[in-house]
Amino acid sequence: MRTGSFKGYETWITEPGVLWIRFNRPEQKNGTTSVMKRELIETLTEAQMDNAVRVVVFTGSGDSFSAGDNLKGYAKLDRETDDGQVRLIPGGHDTGIGTYSALRTISQQLNTVIREMDKITIAAINGVAIQTGFSLALCCDFRIAAEEARLGSGTLRFALLPDEGGPYLLVQHMGLAKTMDFLMRKKIVPAAEALELGLVHEVVPADRLMAAAGELAVEMAEGPQVAMRLLKRSVYNAAEMSWLQTLDDIAGKTAVTDHHPDAAEGKAAFMERRKARFNAWLDEAG
C-alpha cells in the first residue's frame, strides 16, 4: 500500500506488518479537516485489503493526539491544496442539511471504518485527545496513553454535540450513568483518571509510549491473524447480540478457524513444546 505524507498525517510500515499513522500538524493541535478524514478513509481501506498490514497504530505529534476538528479547515476549501489522494469536494457544514451530509458521509464514516476494520487497531495517545480525536481513539481496539495525555469531549463548552459516535462509544466503555456525567459536565480528564474510567488500557511515561505501542502491535501482529480477526468481530458482535445469536456467531467462525492451517500449527507447536509460527498463509499470499 502507499505510505508517506498525506493531508495532516504520515504513514510508514514496520515489521511484522505494523502500519503507523501519525497526525503531523502539531501547530494546529493535529486538528482534522474533511479532506484529511477522506484521505484517512482511503488509507485505512488500503490497509484493510493489504496482506502486508496486520495492525494499525495511530499517534500524534507535538503535545496533541488530536484536539478535534480544525474548524478553519472546514470554513474554506482552499485551505487544502488539490494534490492529495482524493479530490477536493465541498466539505459541507454550510447549511443544516450540509452538516447532516458531511457527518454521515465523512466524519462518522471515518470512525465507522476504524471500528469495522478486521485488523487490530491501537491508539497511542501522546497528548490531548478531544472531540474527533477522542472518538477516533475510542474506536480503536486498544488505547495506551502517555501520563501527560488528557481525554474528553467538552463539546458542550461550545454548545455543540459529540456527533461522531461519542455517546455510543462511551456508554459501551463506561455505562450510562458515567457517560451522562462525563458529557454533561464537559469533562476532559488526565490519563490516570481515564484509566480508572476504563477509557484506556494502559498509562505509561511519555518516553515509553511509542515503545509500548510497538510492543503491543508486534504481539498482535505475530498472533494467528485469521482467528484474531474473527474473534475481534465476535467480541464486538456480542455487545449487540442475544446469547443465542452470539453462540451461532462464534460457531460459524469456529467452522473456519478449526480447519485453518494456523490451528494445525498451534496444535503441532503445543505437542512439540515450541513457540507457534503462525501466518504462513500470509507469507504465501504476499
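**Asparagine 30.** I began at asparagine 30, which is found in the loop between β3 and α1 (34-49); helices (H or I, at least four residues) and strands (E, at least two) are DSSP runs, numbered from the N terminus. I looked up its phi: near 55°, a positive value in a residue other than glycine. Most residues other than glycine have a negative phi. Is asparagine 30 buried or exposed? At 1% relative accessibility, asparagine 30 counts as buried, where buried means under 20% relative accessible area, exposed over 50%, and partly exposed in between (1.4 Å probe, protein chains only).

**What I am working with.** This is a predicted model, in which local features need pLDDT of at least 70 and side-chain atom pairs count only at pLDDT 80 or more, while totals for chains, interfaces and linings use all residues. Residues are numbered from 1 along each chain as its sequence is written, and side-chain values use heavy atoms, with hydrogens and water left out.

**Asparagine 279.** Next I checked asparagine 279, in the loop between α11 (261-271) and α12 (280-285). Phi here is near 75°, again positive in a residue other than glycine. Asparagine 279 has 0% relative accessibility, so it counts as buried.

**Proline 16.** I then went to the loop between β2 (9-14) and β3 (18-23), where proline 16 lies. The peptide bond leading from glutamate 15 to proline 16 is cis, with omega near 0°. Most peptide bonds are trans.

**α1 against α3.** How do the axes of α1 and helix α3 (residues 96-116) cross? I found them crossing at roughly 25° and coming within 9 Å (axes are lines fitted to C-alpha atoms, for helices over the stretch in contact, and angles run from 0 to 180 degrees between N-to-C directions). That makes α1 roughly parallel to α3; angles under 35 degrees count as roughly parallel, over 145 as roughly antiparallel, 65 to 115 as roughly perpendicular and the rest as oblique. For the residues, I noted that Ser34, Lys37, Arg38, Leu40, Ile41 and Leu44 in α1 meet Ile106, Ser107, Gln109, Leu110, Val113 and Ile114 in α3, with contact meaning heavy atoms within 4.5 Å.

**The core.** Last, I looked up the largest nonpolar core: 41 residues, with Phe58 and Ile125 having the most contacts inside it. A nonpolar core is a set of buried Ala, Val, Leu, Ile, Met, Phe, Trp, Tyr and Cys residues joined through side-chain atoms within 4.5 Å. Leaving aside neighbours within four places in sequence, isoleucine 125 touches residues including Phe65, Ala137, Leu151, Val200 and Leu209.
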